[in-house]
Amino acid sequence: MSRVCAVSGKGPLSGNKRSHSMRASRRKWNVNPQKVRVVVDGKPQTIRVSARTLKTLKKQNAI
């Protein structure tokens, strides 16, 4: 299962992890997908939405 938001299309980001001595090693920031039941074209569907997008949709009363 991929870690991609079904609404916004956001996926994992990558960058460097820094130790105390500032040595760099690669790391990844994953999105936080949540399963949500949404009505799409009159039918309820379960989609995976990132937590940030879910918060925005709830604020706009879309869910």
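The legends below describe several close-up views of a predicted model. Residues are numbered from 1 along each chain as its sequence is written, and side-chain values use heavy atoms, with hydrogens and water left out. Because this is a predicted model, local features need pLDDT of at least 70 and side-chain atom pairs count only at pLDDT 80 or more, while totals for chains, interfaces and linings use all residues.

**View 1. The positive surface patch with Lys10, Arg52, Lys55 and Lys59****.**
Lys10, Arg52, Lys55 and Lys59 form a positive surface patch, where a patch is made of residues with over 30% relative accessible area and no salt bridge, like charges being joined within 9 Å and nonpolar side chains (Val, Leu, Ile, Met, Phe, Trp, Tyr) within 5 Å. A salt bridge here is a side-chain nitrogen of Lys or Arg within 4 Å of a carboxyl oxygen of Asp or Glu; Lys and Arg count as positive and Asp and Glu as negative, with His and the chain ends not counted. The place of a charge is taken as NZ of Lys, CZ of Arg, CG of Asp or CD of Glu, and accessible areas come from the Shrake-Rupley method with a 1.4 Å probe, only the protein chains shown counting as cover for residues. Lys10 belongs to the segment before strand E1 (13–18), helices (H or I, at least four residues) and strands (E, at least two) being DSSP runs numbered from the N terminus. Lys10 counts as partly exposed because its relative accessibility is 47%, given that buried means under 20% relative accessible area, exposed over 50%, and partly exposed in between (1.4 Å probe, protein chains only).

**View 2. Lys59 in helix H1****.**
Lys59, a member of the positive patch, lies in helix H1 and is exposed because its relative accessible area is 73%. Between Lys59 and Val7, which are 52 residues apart in sequence, the C-alpha to C-alpha distance is 15 Å.

**View 3. The polar contact between Ser50 and Thr53****.**
The side chains of Ser50 and Thr53 make a polar contact at 2.7 Å, a term for a pair of N or O atoms within 3.5 Å in which, within protein, one must be able to donate a hydrogen and the other to accept it, residues adjacent in sequence counting only if both atoms are side-chain atoms. Ser50 is part of strand E4 (residues 43–50), whereas Thr53 is part of helix H1. Ser50 counts as buried because its relative accessibility is 5%, and Thr53 counts as buried because its value is 12%.

**View 4. Asp41 in the loop between strands E3 and E4****.**
Asp41 sits in the loop that runs between strand E3 (33–40) and E4, and has a positive phi of about 55° although it is not a glycine. With a relative accessibility of 77%, Asp41 counts as exposed.

**View 5. Gln60 and Asn61 in the segment after helix H1****.**
Gln60 is found in the segment after helix H1 (51–59) and is exposed at a relative accessible area of 56%; the C-alpha atoms of Gln60 and Ala24, 36 residues apart along the chain, are separated by 40 Å. Asn61 is likewise placed in the segment after H1, and has a positive phi of about 55° although it is not a glycine. Asn61 counts as exposed, its relative accessibility being 67%.
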